[in-house]
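Welcome to this short tour. Please open your viewer, and keep the selection tool at hand as we go from stop to stop.

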Amino acid sequence: MVKEFLYRGIPKEELDSLSLEKLFLLFNSRQRRSLTRGITDGKRKLIEEIKAAKAGKVKNPIKTHVRDLIVLPYMVGVTVNVFSGKEFRPVSITSEMIGHYLGEYVITNKRVSHGAPGVGASRSSLYVPLK
């Protein structure tokens, strides 16, 4: 049996039918503040592309640099390519992502693996004769 997803005790079908004002009250204060301060042109363009992709009008993958867009219930089921600083990483939006930022799902840095120290890396290696 598959566990049904509930966002703060509300099933996804009811989240889709909620007005934006009532939905905002379910979010944390940081997300509420971000959404009530207004949506910039870049975010508005991405939202329109997501709605078009849900309707099946867009064939090309959606690429974006907008990492600070909060995932809303109507975005579920769309794959968005989010820029990581180096490349676009695909993010498939699921219902568990509602209320989170898109950028949380794309890592911007990678693990550093240091090599061996070179000549001149320490004081004692300055005097090592070169071969």
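How many nonpolar, polar and charged residues does the lining of the largest pocket have? Seven are nonpolar, none is polar and three are charged. (Here Ala, Val, Leu, Ile, Met, Phe, Trp, Tyr, Cys and Pro count as nonpolar, Asp, Glu, Lys and Arg as charged, and the others, Gly among them, as polar.)

Before the first stop, a word on what you are looking at. This is a predicted model, in which local features need pLDDT of at least 70 and side-chain atom pairs count only at pLDDT 80 or more, while totals for chains, interfaces and linings use all residues. Residues are numbered from 1 along each chain as its sequence is written, and side-chain values use heavy atoms, with hydrogens and water left out.

**Stop one: the largest pocket**

Select L20, F24, L35, I39, R44, I47, E48, K51, L72 and Y74, which line the largest pocket. The space in this pocket is about 160 Å³. (Helices, H or I of at least four residues, and strands, E of at least two, are DSSP runs numbered from the N terminus.)

**Stop two: the largest cavity**

Now select S34, L35, G38, I39, K43, I47, D68, L69, I70 and L72 to show the lining of the largest cavity. This cavity holds about 70 Å³ of space, and the count of cavities of 30 Å³ or more comes to one. At least two lining residues come from α3 (29-36), and at least two from α4. By class, the cavity lining has six nonpolar, two polar and two charged residues.

How are the two kinds of space told apart? On a 1 Å grid over the protein atoms alone, a cavity is a set of points where a 1.4 Å probe fits but cannot get out, whereas a pocket is an open set with protein on both sides within 12 Å along at least five of seven lines; lining residues have an atom within 4 Å of a point. Grid points are joined across faces, edges and corners, and a volume is the space filled by probe spheres set on the points.

**Stop three: the sheet**

Next, show the open sheet of three strands, with the order β3-β4-β5 and mixed pairing. Its edge strands, β3 (62-64) and β5 (88-92), each pair on one side only. (Two strands pair if DSSP finds at least two bridges between them.) Strand β4 (residues 79-83) runs antiparallel to β5, and five bridges join the two. Pick V82 and you will find R89 of β5 opposite.

Is N81 buried or exposed? N81, found in strand β4, counts as buried because its relative accessibility is 13%. (Buried means under 20% relative accessible area, exposed over 50%, partly exposed in between, with a 1.4 Å probe and protein chains only.) Leaving aside neighbours within four places in sequence, N81 is in contact (heavy atoms within 4.5 Å) with residues including P61, I62 and F88.

Move on to S84, in the loop between β4 and β5. S84 is buried too, with a relative accessible area of 9%. Beyond its neighbours within four places in sequence, S84 is in contact with R67, R89, V106, I107 and T108.

**Last stop: R8**

Finish at R8, in the loop between β1 (6-7) and β2 (10-11). Phi of R8 is near 55 degrees, a positive value in a residue other than glycine. Most residues other than glycine have a negative phi.
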